[in-house]
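Trainee: Please walk me through one part of this model up close, and give me the cut-offs as you go.

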Amino acid sequence: MMEVIWSEVALSLAKDIEKAVIPLFGTKKAAEVVGENVSGDTTEYVDKVSEDIALSRLNPLGVNVVSEEIGFVDNGSDYTVIIDPIDGSYNFTSGIPIFAFSFAVFKNEKPVYGAVYEFIPGKFYEAIPGKGAFMNGKPIRVRKPERGKEALSFYTRGRCMGLIGRVKRVRVLGAIAVELTYLAKGALDGVIDIRNYVRPTDIAAGVLIAREAGAIVTDERGRDLRLKLSASEKTNIIAVSERYLLNMVLEELENEP
Ligand code: IPD
Ligand code: CA
């Protein structure tokens with residue numbers, strides 16, 4: 001394969017999608033149901049428009065693509081680009097300005113590059129494995145939480161409610177790719193989703209960025225989270241800035257009835 005500069009592909013693709021979708025932000029048109037995706041959820045107009053742009057750009061590169069609506073596109077390459085053209089579709093169609101483009105590249109199973117572009121504030125987050133995480137080109141890092149003052153994003157669906165009483169703030173922003181970048185830049189101390197609901201397309205790039213920024217990212221048993229390059233596989237995730245927070249979550253999970 002010819003040499004590809006992934007940061008250029010990711011940013012220019014994000015900008016193309018931005019141009020097409022921003023006029024649809026918060027409109028009825030954006031939410032029109034146009035089909036069903038590989039995990040059985042509805043595909044809305046905005047999902048389709050943004051995915052079509054991504055595919056028309058990535059297919060000519062000859063790479064495999066995993067995307068939320070279409071699933072796995074096997075182009076027989078060693079490289080797989082796993083994307084969510086719009087993470088936070090509900091926010092987008094409802095006029096809540098927290099949504100992003102998520103883009104991660106793997107060579108076979110190894111991560112090569114990750115990017116999340118948060119449209120409304122125009123923030124471009126990147127992970128370069130072994131070199132760190134960046135926001136608009138500047139290095140970012142998780143913060144050291146102040147005990148008792150932690151802020152977590154916690155998708156619970158009724159599980160481990162005790163955790164809520166052990167931290168100061170809980171924020172559920174509805175776009176987990178964005179929330180993982182907030183963990184990476186030290187705006188949140190953890191992102192936890194134990195609904196067995198998120199897919200690798202939602203979190204692949206965010207996990208790379210959070211890890212490169214120093215976060216610990218595990219499954220619900222505290223083992224390093226391994227991402228499958230799939231659009232339908234459901235997973236749980238515990239991503240935190242410090243080990244004591246991981247232990248706190250695991251303790252609550254163990255005490256579950
Ligand atoms: C959703 C967001 C949300 C998470 C859901 C995802 P989508 O992605 O990431 O934070 O709670 O599980 O489905 O469907 O809006 O791209
Ligand atoms: Ca999506």
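Mentor: Let's start at helix α6, where the buried residues are Y244, L245, L246, M248, V249, L250, E252 and L253. Here "buried" means under 20% relative accessible area, with over 50% called exposed and anything in between partly exposed (1.4 Å probe, protein chains only). Keep in mind that this is a predicted model, where local features need pLDDT of at least 70 and side-chain atom pairs count only at pLDDT 80 or more, while totals for chains, interfaces and linings use all residues. As for bookkeeping, residues are numbered from 1 along each chain as its sequence is written, chains are lettered from A and ligands numbered from 1 in the order in which they are written, and side-chain values use heavy atoms, leaving out hydrogens and water.

So what do those buried α6 residues pack against? Three strands: β13 (190-198), β14 (216-218) and β15 (235-240). Helices (H or I, at least four residues) and strands (E, at least two) are DSSP runs, numbered from the N terminus.

Now zoom in on D47, which sits in helix α2. D47 has a relative accessible area of 6%, which means that this residue is buried. Leaving aside residues up to four places away in sequence, D47 touches T42, E69, I86 and S89, where contact means heavy atoms within 4.5 Å. Take E69 from that group: E69 and D47 are 22 residues apart in sequence, and their C-alpha atoms are 7.5 Å apart in space.

Finally, step back to the whole chain. The domain assignment gives domain 1 (6-139) and domain 2 (151-254), with bounds that come from an automatic or database assignment. Taken over C-alpha atoms, the centres of domain 1 and domain 2 are separated by 20 Å. As for how they meet, 41 residues of domain 1 are in contact with 27 residues of domain 2.
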